[in-house]
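Let's learn to read a protein structure together, one feature at a time. Have a look at the picture, then follow the conversation below.

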Amino acid sequence: MIGQKNKSHIDEALFQIDSVRHLTESTYVLRFSRNGMEFTPGQHLVLGLPGSTELREYSIYSGIHDAFLEVLIKEVDEGLVSRQLKYIGPEESLEVRGPYGFFLTRASNPPPGGILFISSGTGIAPFHSYVNSYPQADYRLIHGVRSINEAYDSGDYQRERLHVCTSRDNTGNFEGRLTDYLLEAEIEPHRDVYLCGNSNMIFDAMDILRARGISQNQIYTEVYF
Ligand SMILES: Cc1cc2nc3c(=O)[nH]c(=O)nc-3n(C[C@H](O)[C@H](O)[C@H](O)COP(=O)(O)OP(=O)(O)OC[C@H]3O[C@@H](n4cnc5c(N)ncnc54)[C@H](O)[C@@H]3O)c2cc1C
């Protein structure tokens, strides 16, 4: 490893790839060495091929007790890094910087009444890290995807806490967009709400949540693109 300042933050270092687990044709979990890195769920890393100037942010998917680090990546059409990393092999190296961010910091000391997590696509990654790290947490998770095969690792969540909205078919718990579900779902007004994913979903969901009585200071967001 090069350039490691201390155990908790790494400016730039090479980490060894362990495996690539393909969840769908375009989405995969990249697992690599942890090298003693400390992080809190919700933080992200900056990753890329060794020596490349093209690096991208990825939320940590694994939990704080795991011996390895994982990220959940969707290959973007015409994208550069998300496609490069899909074909990286075991034993190869990955450039890693971080961890960065404060997205779920407040949730590590959650208010009584629980937390509502809302995600689209790979925006579920920080919530996977959180649930893996704090399996006893009182959370409710709404995941918006096109079809149920994109409900990544849904078995890792307690069944009664996960609600999958499928926009292209009726294979989930709700047929339609996540935002359509929010219009009619029961929303407990005292819960802090964390939103992660694409900006269109986040802005639309925030409008609905505010209209349904959630105050702005209960809402936290992480925008991917
Ligand atoms: C804090 C943070 C955390 C992130 N965490 C994750 C994560 O956990 N998993 C993950 O897959 N991505 C995550 N992203 C997005 C990621 O950083 C890259 O933007 C994404 O992988 C595309 O990079 P690329 O080099 O392949 O595409 P580029 O060549 O950089 O861009 C191609 C185009 O794709 C758009 N785009 C970016 N992401 C998506 C997407 N998911 N679907 C459709 N279009 C997209 C970009 O806006 C751009 O117009 C995160 C972004 C941020 C800011």
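**Reading sheets and a ligand shell**

Q: Which residue in β2 is the bridge partner of V20?
A: In β2, V20 has L30 as its bridge partner. Helices (H or I, at least four residues) and strands (E, at least two) are DSSP runs, numbered from the N terminus. Before we go on, note that this is a predicted model: local features need pLDDT of at least 70, side-chain atom pairs count only at pLDDT 80 or more, and totals for chains, interfaces and linings use all residues. Residues are numbered from 1 along each chain as its sequence is written.

Q: In which sense do β1 and β2 pair?
A: Strands of a sheet pair through backbone hydrogen bonds, either parallel or antiparallel. Two strands count as paired if DSSP finds at least two bridges between them. Here β1 (residues 10-22) and β2 (residues 27-33) are antiparallel, with five bridges.

Q: What is the strand order in the antiparallel open sheet?
A: The six strands follow the order β4-β3-β6-β1-β2-β5. β4 (56-59) and β5 (68-74) are at the edges with a single partner strand each, so one side of each has no neighbour in the sheet.

Q: What is the order in the open sheet with parallel pairing?
A: That sheet also has its six strands listed in order: β10-β9-β8-β7-β11-β12. Its edge strands are β10 (174-175) and β12 (219-223), each pairing on one side only. Further in, β7 (residues 115-120) and β11 (residues 192-197) share five bridges, and I118 stands opposite L195 in β11.

Q: How many residues of β9 are buried?
A: A residue is buried if 20 or more other C-beta atoms, placed from the backbone, lie within 10 Å of its own; it is exposed if 12 or fewer do, and partly exposed in between. In β9 (residues 162-166), four of the five residues are buried. Five bridges join β9 to β8 in parallel, with L162 in β9 as the partner of L141. Two bridges join β9 to β10, also parallel, where C165 stands opposite F174.

Q: Which residues come nearest to the ligand?
A: A residue is near a molecule or strand if its C-beta atom, placed from the backbone, lies within 6 Å of it. Of the 22 residues around the ligand, E57, G79, V81, S82 and F225 come nearest. The elements giving two or more residues to this shell are β4, β5 and α1 (81-84).

Q: Why does the ligand lie between domain 1 and domain 2?
A: Domain bounds come from an automatic or database domain assignment. Domain 1 (10-100) and domain 2 (105-223) both give residues to the shell, so the ligand lies between them.
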